[in-house]
Amino acid sequence: MTNRIIKNIRVELLQNVDPVYREGAQNYFKEGIGLHGVRLPAVRAISAKYYQQVKGLEKSEIFALGDQLLSYDTSEERTIAFDWAWRLRRQFEPSDFKTLERWLKDHVNNWGGVDDLCRRALGDFICRYPRFLPQVFRWTKSREWHMRRAAAVILISPAKLGRALPEILKTSNALMNDEHYLVQKGYGWLLKEASVKFPREIFGYVMKNKDRMPRTALRYAIEKMPVSLHKKAMSK
């Protein structure tokens, strides 16, 4: 049954290919992306449709289906695998970190994949099991830029709940002068979201570090601040 489901998913994806969208997406992801060219709303709809057929399976079986989908190395199958993992979030156990981290390391090669997995399944996981935060911080030392970006993006979920301020600042320090612009944008985005729940602390952090922060990160970090604070942060 499960092999048939994967086959049917791939058939339906190919029926929804949009060549114009495919060309635009390939140009948009400068770091490269493998994809069929199916627009995201259609992928989400296909994912929801077929999840109804697998949701009665054991979590381990659904993760195994995710592995099969990820083996195709295309954006659409990856989106479905990550979506199914997110739909299992209420069943997450500590042992699931190993699977989710492996998916991040082995099957993500662009910022879209990082953000999809880290804002949803991994973000929910870390909110549920904050004791894994030290392991997440190790990603800041990775040779792979997408892992370093992930170290910041995964913290957006706890930031929005008003949690993990020490880890947010520690991670931003570790990534402060990262050479990759997508990592700079990642921790800048984290600081922006954290500024909603921690306005005083994040503004103080920005003012202390604005002369060291790349302009890319700085502009992201202050985006949600009041105009008066925005001007102070941008002043020389």
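Let me start with helix H12: its buried residues are covered by elements that include helix H9 (133-137), helix H10 (145-153), helix H11 (156-160), H13 and H14. Buried means under 20% relative accessible area, exposed over 50%, and partly exposed in between, with a 1.4 Å probe and protein chains only. Helices (H or I, at least four residues) are DSSP runs, numbered from the N terminus.

This is a predicted model, where local features need pLDDT of at least 70, side-chain atom pairs count only at pLDDT 80 or more, and totals for chains, interfaces and linings use all residues. Residues are numbered from 1 along each chain as its sequence is written, and side-chain values use heavy atoms, with hydrogens and water left out.

Which residues of H12 are buried? They are Leu165, Ile168, Thr171, Ser172 and Leu175. Seen down the axis, these buried residues fall within an arc of 130°, so they line one face of H12. The arc is that of the directions from the helix axis to the C-beta atoms. As background, an α-helix has 3.6 residues a turn, so residues three or four places apart point the same way.

Next, H14, residues 199-209. Here Ile202, Phe203, Tyr205, Val206 and Asn209 are buried. They cover an arc of only 160° around the axis, which puts them on the same side of H14. Arg200 and Lys208 are exposed, on the face turned away from that buried side. The buried residues of H14 pack against helix H12 (165-175), helix H13 (181-197), helix H15 (215-221) and helix H16 (227-234), where contact means heavy atoms within 4.5 Å.

Conventions: Helix = DSSP H or I, 4+ residues; strand = E, 2+ residues; numbered from the N terminus.
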